[in-house]
Amino acid sequence: MTPSSDAQLNASSSSLPEQGVELPRLFHFDLPPLKQTGQPFPEQSDISSIQRVLDIASGDGQWTISAAQALPQVQFVGIEGQAALVDRARAQAKQEGIPNVTFTVMDPFGPLDLPDGAFDLVNARYIAGLLEAATWPNTLEEFVRVTRPGGVIRLTENDLPISNTMAFAQLGGLISDALYETKRSFSSNGQLLSVTPALKRLLQDAGSQEVQQGVWFINFSAGKPAHADLCQRLSETYRLAQPFLIRTGVTTPEAAEQTYQQMLSEMQSDDFCAGAFSLTVWGTKP
Amino acid sequence: MATYEPERTRNFYLLGDSQAEMVQLIAADQLFTKAMGGLLPEQPEQAIAHLHDVLDIGCGPGGWLLEMAYANSRLHATGIDVSQGMIDYASALASANGLDNAQFHVANAIDPLGFPDGTFDLVNARQIEGAVPTAAWPPLVKEMVRVTRPGGIIRITSVEWGGVTNSTAYQTLHKLMVKGFGRAGLNHIPDERMYGATVMLGRYLRDAGSVNIQERPSIMDFSAGAEYYQAMNQQWVIAFELVEPFLLATGVATKPEIERLRQQFSIDALEDSFRGILYMLTAWGEKP
């Protein structure tokens, strides 16, 4: 087991080469609906031909394991650059006794050590923030390459969650600024991540066809079913993001910590309102 | 030159009250209805068939309501708007099309609604976030619930961000607008990057006493080559012209600055690489 403090970064595209100063996956808005409906790909009209799924940057495997649980006849493969996260994902899958999922250490945003046409569906969720905007075209070409003809490439992103509280807004803003500073934002001024409007054309340019897009919204205000789950995940993400925010110079350790603590207390308030629009974009490989 | 003086006019609408704005709204009504998937895309057909009395708050030139009245001749449709010009136009259009089941009144949504309790089966408000100050929302939604019959529907649609684009000029204009929203009391959340009405809709409906609250998002893709590219570009060009008095009155930008951004946006929008998506949310609840 690799200790998590010594996480190895295979990614070579990062503009922040310093080890341990990486961003985690920012958002998990699709997890509560997946757990509620048992449908990992609700927009796909026919999933009968999907037998092998590649999950990009599978992290600690939460989505991959839930999806594998929901579709026991489908084989899921997660690839992730950080060995420590892969270890955690494997341990979790073993503990939950999910046989139809495997995890491999591999840079998900470089050339993939996978054969052409190996998967029926390649899924990349909330990867904005994990790679530079300029590397998306090559990355998506690789996603298309490892998809079989007729298979699906599927992307899900969000431009920033929305909330009625101050510290939550400030932290979202800092993340947007930090992504801008590190060339990971699609925005030309950092206002929002601006990734969702870019997806359709990126997928077309990477060689996929019949590209479609669908929007969905999750409300995680106080009192809503997704509140506890998503607040806990965002708290975890924003805590892990702190070193990255400090490293990029958009905030100081003291300010980041103070804002973070304030956000935690805001989330517990009955007045807390929050939601997020996500855009899922998918195309087929010709 | 039009001015933005809500203290005097009691009209808080950021794009003002002009013929140009009316022409823009006539086109916008149709675009938004289409992008949202229809007049009431989220309501079951059975519920639509049982509608008799419908109220539209901030109806503008009446596009949505007249289409409702046209689709169902048994429907009795009522629209209110703060602008006499919009109401005159909507009334004229109704009578020109023989729609005697539609009527329009001048009324300000920041005042109590002039209808008895339980008058309507459906009370609708689409994109009133640029016209109704935030402080007036809770009492307005309460009024909407009051004039709805038990079992009837209260339905509100709002736009978030004005649009997410890859144009610096657009995003800068948007940033100025959010700042202006803050100063004019139109913003719903303390975030300099968002309008925020979308995340509050469900809460306003709940606090006003409605139940079974649901939400449905929709988008309008106005990227180069996308379905709404041409039509929305025309919309933005006019909107950025009409919003100038608002931006000047709220003191968030100077005239030369606005003109430069507007010009830059019209260039950006012509680029093949231009990308933009508008996000909106419809929330609806039932009166118990």
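Predicted model: local features only at pLDDT ≥ 70, side-chain atom pairs only at ≥ 80, totals over all residues.
Which elements of chain A cover the buried residues of α2(A)?

View 1. Residues are numbered from 1 along each chain as its sequence is written, with chains lettered from A and ligands numbered from 1 in the order in which they are written. Helix α2 (residues 62-70) of chain A holds the buried residues A:W63, A:T64, A:I65, A:S66, A:A67 and A:A68 (buried: 20 or more other C-beta atoms within 10 Å of the residue's own, C-beta atoms being placed from the backbone). Their cover includes α1 (31-37), β1 (52-56), β2 (75-80), α3 (83-96), β3 (101-105) and β4 (119-125) of chain A. Helices (H or I, at least four residues) and strands (E, at least two) are DSSP runs, numbered from the N terminus.

**View 2. The side of chain B that touches chain A.** In all, 32 residues of chain B are in contact with 28 residues of chain A (contact: C-beta atoms, placed from the backbone, within 7 Å). At least two residues of this side come from each of β5 (148-165), α7 (168-184), α8 (197-207), β6 (211-221) and β7 (276-286) of chain B.

**View 3. The open sheet of chain B.** Seven strands with mixed pairing follow the order β3-β2-β1-β4-β5-β7-β6 (chain B); strands pair if DSSP finds at least two bridges between them. At the edges, β3 (102-106) and β6 of chain B each have a single partner strand, so one side of each lacks a neighbour in the sheet.

**View 4. Pairing of β5(B) with β7(B).** These strands, β5(B) and β7(B), pair in the antiparallel sense over ten bridges. B:W284 in β7(B) is the bridge partner of B:R155.

Terms used
Contact = placed C-beta atoms within 7 Å. Buried ≥ 20, exposed ≤ 12 C-beta atoms within 10 Å, placed from the backbone.
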